[in-house]
Amino acid sequence: MAEQTIPAKKRVAVLISGRGSNMTALIEAAKPDDYPAAIVVVISNRPDAAGLERARAEGIATALVDHRPFGDDREAFESALDAELRRHRIDLVCLAGFMRLFTPSFVERWRGRMLNIHPALLPQFKGLHTHRRALAAGVREHGATVHFVVPEMDAGPIIAQDAVPVLEGDTEDSLARRVLAVEHRLYPQALRLVAEGRISIAAEPAASR
Ligand code: GRF
């Protein structure tokens, strides 16, 4: 029988701004040899992001690209970020609680190669405070979505989605905890699908360009 060639793992950067629990889930998932992606760097735009410490403890390279010195110059911030991504020869970017919006040109450069996790069943509840808004809307189901990043916020093609029930007496915190448990399973599954090339963004039809 012919020897099988094992495809190289995709090199992944995880971008965070805070606690990094999804980052941790990705790091854990990527440990086995047969996972198709390796987390090679964690990048934060905030020096105080708790996830940075956790990544270091796991022996993963970290980088800080603080947005503040760049003021309103988003392109300059993105150039610094892009330099880090290139330095680490990154194939795929996972946004995990990364609280900065990108310019359309940065998003286009990473088209089909940048993922985000959002704590709601998109297209419901784009934006912030999703759990509070889900409770206020009285929905019976809530959940999490992993999607490709496109210039419009929380609007890219959906890679994976999972729902949780909204229970009688739920608070923002209890609902957030239930959704977060789903997020931690969902993001590694979605990254696997993309890293294995089983899901990708189809080329746009020429007419719509
Ligand atoms: C998660 O709820 C994620 O869906 C949202 O921001 C939160 C980040 O949490 N985009 P963590 O930093 O991964 O713990």
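Predicted model: local features only at pLDDT ≥ 70, side-chain atom pairs only at ≥ 80, totals over all residues.
Residues are numbered from 1 along each chain as its sequence is written, and side-chain values use heavy atoms, with hydrogens and water left out.

**The ligand**

Select the ligand, then display the residues around it: Arg19, Gly20, Ser21, Asn22, Gly97, Ile117, His118, Pro119 and Glu183. Two of the shell residues are nonpolar, five are polar and two are charged. In this scheme Ala, Val, Leu, Ile, Met, Phe, Trp, Tyr, Cys and Pro are nonpolar, Asp, Glu, Lys and Arg are charged, and the others, Gly among them, are polar.

Next, select Arg19, where a polar side-chain atom lies 2.5 Å from an oxygen atom of the ligand. At Gly20, turn to the backbone: one of its polar atoms is 2.8 Å from a ligand oxygen atom. Asn22 likewise places a backbone N or O atom 2.8 Å from an oxygen atom of the ligand. The ligand taken alone exposes 370 Å², of which the protein buries 84%; accessible areas come from the Shrake-Rupley method with a 1.4 Å probe.

Now colour helix 1 (21-29) and strand 5 (114-118), the elements that give two or more residues to the shell around the ligand. Helices (H or I, at least four residues) and strands (E, at least two) are DSSP runs, numbered from the N terminus.

**The largest pocket**

The ligand takes up the space of the largest pocket, which holds about 1,000 Å³. A pocket is an open set of points on a 1 Å grid over the protein atoms alone, with protein on both sides within 12 Å along at least five of seven lines; lining residues have an atom within 4 Å of a point.

Of the 42 lining residues, select Gly97, Met99, Ile117, Pro119 and Leu128, which lie nearest the centre of this pocket. Which element gives the most to the lining of the largest pocket? Helix 6 does, with six residues; helix 6 spans 172-195. By class, the lining of the largest pocket has 20 nonpolar, 14 polar and eight charged residues.

**The second largest pocket**

Finally, select Ile6, Pro7, Ala8, Lys9, Lys10, Asp33, Asp34, Tyr35, Pro36, Ala195 and Glu196, which line the second largest pocket. The volume here is about 180 Å³. This lining has six nonpolar, no polar and five charged residues.

Notes. Near = heavy atom within 4 Å. Polar contact = N/O pair within 3.5 Å; in protein donor to acceptor, adjacent residues only side chain to side chain. 1 Å grid on protein atoms, 1.4 Å probe; cavity = no way out; pocket = protein on both sides within 12 Å on 5 of 7 lines; lining within 4 Å. Sits in = over half its atoms within 2 Å of the grid points. Points joined across faces, edges and corners; volume = space filled by probe spheres on them.
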